[in-house]
Amino acid sequence: MARVTLEKLLERSVKNMGKVDSVVKESTLEMIKRAYDKGINVQISAGMRTYAEQDALYAKGRTAPGNIVTKARAGHSNHNFGLAVDYFLVSHDGNVGHWDITRDMNANDVADWLEVANIAKSLGFEWGGDWKSFVDYPHLQMVGGLSTAQLRAGKRPNLVSKVKNPIKVVTKPTHKKVSGPVADYQKWLNKNYSVDLDVDNIYGPLTNKAAIKAYQVEMNKQYGAHLKVDGIYGHDSRNTTLNVKRGARGNITRIIQGLLICKGYDVKGFDGIFGAGLEAAVKRFQKANGLYVDGIVGVNTFVALLK
Ligand SMILES: [Zn+2]
């Protein structure tokens, strides 16, 4: 199996980080390259975040399902100013993300996660793993000594890059033929919900968001749920979630099949039919996630599937 190329990791990261500060961007790309040279595949999952996106994230574990993932309200995260990025590790072939901070893919007895953090720090980043009050392992930021209050008021740091030869990444829409089970799901989402996903056979935040949008569209169409189609599984979406079980047919079943496929489960066909194969996969998923094992996709299972 060939190793994922550096270009691929850079390209995906540029896409995920959005419009971050130019010094943050070039330092991040340099970090990915230096890690790659050490045998570590690292990618960026998030960068610039709007106030609305921050609010939705803040709701998680508070007014919305899931675990608390941030202590920051809108305007209180350095992501809101394009000064922060979050990273995660990627498998050898580039197809699976890893959030295991003890992983040691390059087998040098130092956790890869820490190696990446050290590279980042040498480039001028502050690492969330060093924080005492709210440890945030994926988080890297450059704020030049400014507080979020100052940033909210419009001040911006004067960042100086430590990168000698900035890497240029050309992001091009990929029309290359990528195949695989996740790619089939992405194609289906694109075709039916115009979500404009890159068909890369990788389950990431954009595919997750697209799946939620598809679900919201179906709930509105089939049940008149009047949900806002925003790709955020919030309070309203949760409240309208129905139990989906064996015998069901249609696009909601297909959305569920796709989510399980994204999580590596064999659902015995991506066909919108809730049969024995899907039921068994749901049960395996429930068991693995500490949920009540009944093979029925209700709110709790849905929340876990959308994580
Ligand atoms: Zn972060």
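Over the ring of which residue does the charged end of Arg 254 sit? In this predicted model, local features require pLDDT of at least 70 and side-chain atom pairs count only at pLDDT 80 or more, whereas totals for chains, interfaces and linings use all residues. Residues are numbered from 1 along each chain as its sequence is written, and side-chain values use heavy atoms, with hydrogens and water left out.

The ring in question is that of Phe 270, whose centre lies 4.4 Å from the charged end of Arg 254; a charge sits over a ring if NZ of Lys or CZ of Arg is within 6 Å of the ring centre and within 35 degrees of the ring normal. Lys 71 likewise lies over the face of Trp 131, at 5.9 Å from the ring centre.

The structure holds eleven aromatic pairs, defined for rings of Phe, Tyr and Trp (its six-membered ring) with centres within 6.5 Å, planes under 30 degrees apart being stacked, over 60 edge-to-face and the rest tilted. Among them, Tyr 215 and Tyr 233 are edge-to-face, at 6.3 Å centre to centre and 65 degrees between the planes. Tyr 215 is buried at 2% relative accessibility, and Tyr 233 is buried at a relative accessible area of 10%, where buried denotes under 20% relative accessible area, exposed over 50% and partly exposed in between (1.4 Å probe, protein chains only).

The pair of Tyr 265 and Phe 285 is also edge-to-face, because the ring centres are 5.7 Å apart and the planes stand at 80 degrees; both residues are buried.
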